[in-house]
Amino acid sequence: MDVLSRPHSSPTSTTLGKCEILIDLITHIYADLHFACLEINPLIALDDENGAEPIVQFLDMAVKLDQTSESICGHKLVYDQSVIGADRGPPMVWPAPFGRQLTKEEAYIRKLDGSTGASLKLTVLNPEGRVWAWFLRLIQTLGGGASVVYSDAIAAHGFSHELASYGEYSGTLTEGHEYVKTIIARLAQARWQDPHHWWWYCQLYACCLIFKGIICALKEYKAGLRVIAHSVKIFVHRSGPNYQEGFKAMHFLGKSLGSARKSGVNSARSIPPSAPGSPPPGKVIGVHAGWRPDCAFLGWQEGINGPWFCPFDAKTRSLVYGLQPRATQGMLDFDYSCGRDTPSVAAMIYPFSGHHIQKFYWGTKAALLLVYTSVEEAVKKHPDADVFVNFAPSRSVYSSTLDIMRFSSQIKKVAIIAEGVPERHAREILHLAKEEDILIVDPTTVGGIKAGCFKVCNSGGMMDNIIASKLYRAGSVGYVSKSGGMFNELNNILLLVTNSTYEGIAIGGDRYPGSTFIDHLLRYEADPDCKMLVLLGEVGGIEEYRVIDAVKLGKVRKPIIAWAIGTCAKMFATEVQFRRAGSMANLLMETVDTKNAAMKAARIVVPETFEDLPDVLRETYNVLVARGAVRPKLERKPPVIPMDYKWAQELGLVRKPAALISMISDERGHELLYAGTRITVESKEDIGLGGVVSSLWFKRRLMAPRPPSTSGLKCVHLCGCLFRSAPKLTLHTHPETRDPPDPAHGPSHTQV
């Protein structure tokens, strides 16, 4: 794209003309192509001669591209404008991280990630390593921070040099099957010096359905896996809905494969700050980087339902953008368990269909929600709704969010669930939100939860997990986390060592979050019902230092317990992308060792390792109870939430006779069966009309496939079979045309 060929206004001076060219470069190229960084060094600016335009020559230029914007401007990055009629080029090829090259397995997983709706990550760290770690999570729950925690634990056990891979998967059964097949095919090629022990660590944030995809892949590659020869041990960490059935299936799989299969893992301690690669003790780097955060929280006025520090309460209502029946039903079930008078979802918005009604359940009764085609109509019809939950995909989340921001006088909180939002769009949304005093719960978020009041999206997990964590009533601890995967883990930990959660927010792991740690911690500080604060950071970013400065300035006085995950990052020789774009340390001050040391120096309570976090939480909570700051309350029993019939059927709790029985085809399994043969096989073989009819009617092949020249013989053979098996029919002729009866042959008739 030639910037200098663009028309310029007549400059009043030579200097102004040069500046116009540079500004043109920034506005027309930097913004249009979604550059994340642009460096020009050096450049030469020549004065105009004889009234000609000034000349600016760029001797060296480097840009950083945003891969999430490929769907918007990827076709502009590779084509040659000098070719007449060319408006796009081949797909953009994204290079491997610096210092390494992609393996064919990594390239295939990256391609699969871009061509499906699943989120797939794979980094081969050491092809000869014996510990292959990969982490699966249910796509509705998002989050991958737990995978970082368990990688820390693997490295802490002294297996960092044996860690062969780091991978994440969230999606459906099909993508899971392909993902596991790719990993097994790769590790089966390895040659270990000690071939008698090999570990496969698998942390499953998934339902039983995804277990099935894993099991199919393991059975398919049983011979290549050579599990008996290598004494394979498969460790599975429980989580997700219906994990009991998944454990049972994995247990039988281990027996059939002849490998050891263990449920859960032994307690592993994360790498302490004194490990090699950490900064010297007591030396805090990067705390005073020459900037001071704006500690004033987003200054929206008093909301519809309460003060600024309490954006969610028992009367909060929301609009859901997109048809997400499972997430919406989860929000309604949470409302019912909390004892709310009205559902928290006022209506749904789906522009791609006409006005209609969606049926949900409020306890045991049916509840109907209107589905509108426009944001404007939904906002106008429901003036009590001030929360917007945006389920739009990454390609349309920008336009849908800007659309709802037109009604900033009513909508004051926006939660963006989409993953892979372009950084430029995220910055523009954040800038506009500050101008309109709107709270943004970050892109790529699992949402948030106000115990006993309101739930955003799929936060908190399934209802059994919400009830077990007692989120139906308010506790005393407010926490904010970058990780969505650790969201449920924190709820469980807080229940075990404190009186449970007061409010929890997952801000997401993007480089430009809509709201930050300090934004929510300042809310918790101002809220008299929140007694204790918890911060869970991670590698990458500098948002933890804003909290440090707020504590030093006295803006946060309540006890804070904090920890940054990702201590294993320093053990890797090459660059590893944890989760999303924000989970990568580009500077020393962005490493977790530096962050944890800086927070401890600011008198924030920081445990020695992540495994010490529950003990620190318990000690701090007991101190607050002893002082009388926290007064335990009597427990109440939540109402019973009925289980949906479909889910109960998947769990094997109920059964129902079939309403329709098909004697022709079998629709169970992954593919239709006709006479016991898969439909793909039937379509490839030349069986002709006779073969098709015999498969459908007689449920078996009556003849073998023959060349087209014998199709007539096949039809004759089929007709013979039909006449032998069909009942005899009698066709009586019309009385006027009936022949005279022949006494020798009986009554007149025609027999077929």
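Predicted model: local features only at pLDDT ≥ 70, side-chain atom pairs only at ≥ 80, totals over all residues.
Colleague: Is Ser409 buried or exposed?
Modeller: The cut-off for an exposed residue is over 50% relative accessible area. Ser409 has a relative accessibility of 70%, and therefore counts as exposed.

Colleague: How far apart in space are Ser409 and Asp437?
Modeller: Along the sequence, Ser409 and Asp437 are separated by 28 residues. From C-alpha to C-alpha, their separation in space is 9.1 Å.

Colleague: Which strands are the edge strands of the six-stranded open sheet?
Modeller: The sheet has mixed pairing and the strand order E19-E18-E21-E20-E22-E23. An edge strand pairs on one side only. This applies to strand E19 (454-455) and strand E23 (560-565).

Colleague: In which sense do strands E18 and E21 pair, and which residue stands opposite Gly447?
Modeller: Strand E18 (residues 447-450) and strand E21 (residues 501-506) are joined over four bridges, and the sense is antiparallel. Opposite Gly447 stands a residue of E21, namely Ala506.

Colleague: What angle does the direction of helix H17 make with that of E22?
Modeller: Helix H17 (residues 543-552) packs on the sheet, where it touches strand E22 (532-538) and E23. Its direction and that of E22 make an angle of about 145°.

Colleague: Which helix lies across E22 and E23 at about 160° to E22?
Modeller: The helix in question spans residues 613-627. It is helix H19.

Definitions and conventions:
Residues numbered from 1 in each chain as written. Heavy atoms only, no water. Buried < 20%, exposed > 50% of the residue type's maximum accessible area, 1.4 Å probe, protein only. Pairing = 2+ DSSP bridges. Helix = DSSP H or I, 4+ residues; strand = E, 2+ residues; numbered from the N terminus. Contact = heavy atoms within 4.5 Å. Axes fitted to C-alpha atoms, helices over the stretch in contact; angles between N-to-C directions.
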